[in-house]
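Welcome! Here is a short briefing to read alongside the sequence and the 3D view.

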Amino acid sequence: MNKKVKVYGLPTCPVCRRTKKYLEDEGIDYEYLDVSANHDFAKEMIVKSGQKTVPVVEIGGEIIIGFDKAKIEELLKR
Amino acid sequence: MKRIYDLIIIGAGPAGITAAVYAARKKIDTLVVTKDIGGQAALSGDIQNYTGYQFISGPELAEKFEEHMRKFNFDIRENEEVTKLAAKQNNFLVKTDKNSYRAKTVIVASGKKSRELGISGEKEFKNKGLVYCATCDAPLFSEDDVAVIGGGNSALDATLQLMKIANYVYIINRSNSLRGDEIMQEKIKESKKVSILNNSQVIEILGDNFVNAIKIKKDKKVETLAVQGIFVEIGLIPNSNFAVDLNKTKSGEIKVNNKNETNIPGIFAAGDVTDVFEKQIIIAAGEGAKATLSVFRYLSSRK
C-alpha cells in the first residue's frame, strides 16, 4: 500500500529538516512543499491544518502538525 | 518488574546528548527521554564559537550531535515530556506524558524554553499567528503586519529577520528604550518598515480562527493594533517544574555544585536548566560530560 506523503516546510525550520531526514532514512517517498517559495503552498497548508507553524505532514489525507515519528508510522500502516 | 536503568537523561540538547555519549562510552545502561533533539541549539542561527567549527549553523550542529548520539545503541524516547521526577524506594521514578521509567540515577538536562506572556488569548492563538520561534516560522508571515514582543537581543534578532519578510513590524517594548545590541538597533531604526513602541505592554490577543489584533497599553491608554502575527521574545525560563524536590534559584534554575550534583544524591543536572555560570552550547556540552562522569563515580561507589 502506497500512501502519498507530503511535507510542508520551510528552509529555516530545524524540525522540518529532521522530518525530511527521517523520511529519507526510512526510505519513504515524499513530496516537499517549501511554503516560503510559493504562497499558495502556505495558504493550502494553513487551511488544511488550521494553524500556522511548520512542518505539517500529510499522509493519505490526514494531517500531522510537527514531527511525530509514532504518528507517521501509525498513519503509514493504516 | 519494571526495568531499572542505571541512568535516565532528561533532555537531548547539547548537555543531554554529551551526557549520553559519555554514558555510552562508560557502558552505563542509559535511557534518554526528551521532548526534542538538539534543544535550543537547533534553533540558533550561526554559531562561530564552538571549537572545531569556525562556522556552523544551529541545525547543522544539532544534527552532528544527534548523529554522534545515535552511533551508540541505547534507548531514546523522543516526543515525550517529563511531568514528574520523584524518589521511589531506592531509585527514581521519571513520569512522562506517555510512560513512566525507573533508574538508579538521573541527569536533568532539560534546558530552557521561551517565556510566555501570560495574557488572555495566548493559549487559543498559539501556533495560530502567535509564534515563539522567529527563526522557524517567520517566512509564513510574508504579507502580514506583525508585532515583536520584547526589547532584548532576541527581539531585535527577530525584528531583523521579519523586516526582510513581513509587510510591517511593530516592536512592543515594556521599558522606555530597547536593550539589545547597538548595531542591531541602528539597522532597525533605519528601516521604514518598523515602528518601536516603548513603554508599551500587550494585554490581550484578539482574533477569530487566527490572530488579527493585539490590545496594548501605552501610557495608561489602551489601543488596538491590527496584526496577523505575534512573535514573543521576552526571554527564557528553565524547564524545571517537574523537579519539585530539587533546590532551585528564584528563577527556577536547578542548583548544582561543581560536580553537577543537586541536593538529592543520585540526581544530577547539567546545562541551561542549572545555575551554571553562563549559558553557552560549549559550556552545556561540557557540563553534560561532567554530569555523566559524576554519575559513573556515584554508581561505582555503590556497587
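This is a predicted model: local features need pLDDT of at least 70, side-chain atom pairs count only at pLDDT 80 or more; totals for chains, interfaces and linings use all residues.

The axes of α1(A) and helix α2 (residues 58-70) of chain B come within 10 Å and cross at roughly 40°. Residues are numbered from 1 along each chain as its sequence is written, chains are lettered from A and ligands numbered from 1 in the order in which they are written, and side-chain values use heavy atoms, with hydrogens and water left out.

**The helix pair**
- Helices here are DSSP runs (H or I, at least four residues), as strands are (E, at least two), numbered from the N terminus.
- Axes are lines fitted to C-alpha atoms, for helices over the stretch in contact, with angles running from 0 to 180 degrees between N-to-C directions.
- A:P14, A:R17, A:R18 and A:K21 of α1(A) meet B:P59, B:E60, B:E63, B:E66 and B:R70 of α2(B), where contact means heavy atoms within 4.5 Å.

- A:R17 sits in helix α1 (residues 14-25) of chain A and touches B:P59, B:E60 and B:E63, not counting residues up to four places away in sequence.
- With a relative accessible area of 31%, A:R17 is partly exposed (buried is under 20%, exposed over 50%, partly exposed in between, using a 1.4 Å probe and protein chains only).
- A:R17 and A:P55 are 38 residues apart in sequence, and their C-alpha atoms are 9.1 Å apart in space.
- The peptide bond from A:V54 to A:P55 is cis, with omega near -5°.

**Nonpolar cores**
- A nonpolar core is a set of buried Ala, Val, Leu, Ile, Met, Phe, Trp, Tyr and Cys residues joined through side-chain atoms within 4.5 Å.
- Of the 34 residues in the largest one, A:V35, A:M45, A:V54, B:L140 and B:F231 touch the most other members.
- To this core α5(B) gives the most, with six residues.
- Another core lies apart from it, with 33 residues, among them B:A15, B:V21, B:L61 and B:A284.

**Positive phi in chain B**
- B:K27, which is not a glycine, has a positive phi of about 55°, and at 75% relative accessibility B:K27 counts as exposed.
- B:E278 also has a positive phi, near 75°, and is partly exposed, with a relative accessible area of 41%.
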